[in-house]
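Please keep the structure open beside the text as you read.

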Amino acid sequence: MLNFIRSDLAQLTAYQPHPGGTSGEPVKSDITIDRLDSNESPFDLPSELKEKLAWNYQQIIENNRYPDGSYVALKNAIAQYVNESAQTTEINLNNISVGNGSDELIRSVLIATCLKGEGAVLIANPTFSMYGIIAQTLGIPVVTVGRSETDFAIDLSAAQEAINQTQNPPIRLVFVVHPNSPTANALTAKELDWLRSLPENILVVIDEAYFEFSQTTVANELAKRPNWMILRTFSKAFRLAAHRVGYAIAHPQLITALEKVRLPYNLPSFSQAAALFAMNYRQELLATIPQILAEREQLINSLSGHPALKIWPSAANFIYLRLAPTNSDRTAKLTALTQKLKSQGTLIRQISGGLRITIGTPEENQRSIQRLKTTLDTWEF
Ligand SMILES: *Cc1c(COP(=O)(O)O)cnc(C)c1O
């Protein structure tokens, strides 16, 4: 059937935003759902800002017209924000490309570097799944190395070995997340030094999706590293996941290449307006971050004494934990735990042998703690 479809796609499945959404215990419709599985902000825009944005839509956007495809105003605002955040003046609109979520930019950079058998991609698992997924859909080989089981640092000797040994095609693109998802650790000085040591014919993409939470950035190094690119997003700290806006910061020639391969009007007018709005009101929007960080510490403190759990520190708006090695059947127990929480209305992400839990509102976090503990306390370990 449908023999015109590329044969290798048969092995792939479509991305499921909420894994397990169709299996396991159904979520009852009369309970509150705590969506702690996608690392979004738990806070919608404040209503007065929502009204201002709606006014914007009503007064400014002409629905019959294509969006402004140059994104000049948005790119200028982003450049200013990036300079501010990195205490530099080096970034301008020629260093910025915007995408329909940073997911689109991941695809663009793969198309611009590795397609047609020209390059392979290196990633260190566990990490953000979209790099591997999008590379696969484009037929681009993905080379994976591991991380330390204690602190999730990248196995740098394996990574160097992979770069030395991989041929036909060679590795042309390295993806890292700073801080990593799902494990929440920022790049270490040693990892950064290794990235700096890579030759200029390898592009290093540093995904700073959680920058506003971690305050760790390499933006002040970009000017001297033409083979580095930063990705950021409006989907997390800026509370605009609904609008799908991400951006890349890089050397102007790489930005030109990304612009060549993107679709003409990749950002709808509404999304552009929302992102520009977020830049203009960034102080108000980012004001929730200290609360999220305080909640994160409380979540970690409340769970870390539990003998059944191992919890790691976090530089992002989520925590990562695994079951302590003393547990038997850890995978089955993780699945049972995830399903139990889901049946009570708390959605979390079971991933890479552990659980990733987004920091929610104080009420949501209290429920997470209580539900996790109650379930664990019924088990023997
Ligand atoms: C959430 C996330 C993104 C954001 O993707 P968008 O397409 O901009 O919503 C990018 N990278 C990582 C590592 C993420 O966790």
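## From one serine to the whole fold

S271 sits in helix 9 (residues 269-280); helices (H or I, at least four residues) and strands (E, at least two) are DSSP runs, numbered from the N terminus. This is a predicted model, in which local features need pLDDT of at least 70 and side-chain atom pairs count only at pLDDT 80 or more, while totals for chains, interfaces and linings use all residues. Residues are numbered from 1 along each chain as its sequence is written, and side-chain values use heavy atoms, with hydrogens and water left out.

With a relative accessible area of 6%, S271 is buried; the word means under 20% relative accessible area, with exposed over 50% and partly exposed in between (1.4 Å probe, protein chains only). Setting aside neighbours within four places in sequence, S271 is in contact with H243 and V245, where contact means heavy atoms within 4.5 Å.

Another residue to look up is R349, which is found in strand 12. R349 counts as buried too, at 9% relative accessibility. Its C-alpha is 9.9 Å from that of R35, although R349 and R35 are 314 residues apart in sequence.

**Domains**

The protein chain is divided into domain 1 (7-45 + 287-378) and domain 2 (63-282), with bounds that come from an automatic or database domain assignment. Taken over C-alpha atoms, the centres of domain 1 and domain 2 are separated by 26 Å. The contact takes 26 residues from domain 1 and 26 residues from domain 2.

**Pockets**

On a 1 Å grid over the protein atoms alone, a pocket is an open set of points where a 1.4 Å probe fits, with protein on both sides within 12 Å along at least five of seven lines; lining residues have an atom within 4 Å of a point. Grid points are joined across faces, edges and corners, and a volume is the space filled by probe spheres set on the points.

| Pocket | Volume | Lining |
|---|---|---|
| Largest pocket | about 610 Å³ | 27 residues |
| Second largest pocket | about 490 Å³ | 23 residues |

In the largest pocket, Y15, S38, D103, F128 and K236 lie nearest the centre. Helix 3 (101-113) and strand 12 (349-351) are the elements that give two or more residues to this lining, and helix 3 gives the most, with three residues. The lining divides into ten nonpolar, nine polar and eight charged residues. Domain 1 and domain 2 each supply at least three residues to it.

For the second largest pocket, the residues nearest the centre are E40, S41, P42, F43 and D44. Helix 1 (residues 47-60) gives the most to its lining, with three residues. Because domain 1 and domain 2 both give residues to the lining, the second largest pocket lies between them.

**Nonpolar cores**

A nonpolar core is a set of buried Ala, Val, Leu, Ile, Met, Phe, Trp, Tyr and Cys residues joined through side-chain atoms within 4.5 Å. Which members of the largest core touch the most other members? Of its 89 residues, they are I78, L122, V174, L195, F234, Y247 and L303. Helix 2 (residues 72-86) gives the most to this core, with seven residues. The core draws at least three residues from each of domain 1 and domain 2. Apart from it lies another core, of 24 residues, including L105, M229, L231 and L258.

Note on methods:
Nonpolar A, V, L, I, M, F, W, Y, C, P; charged D, E, K, R; others polar.
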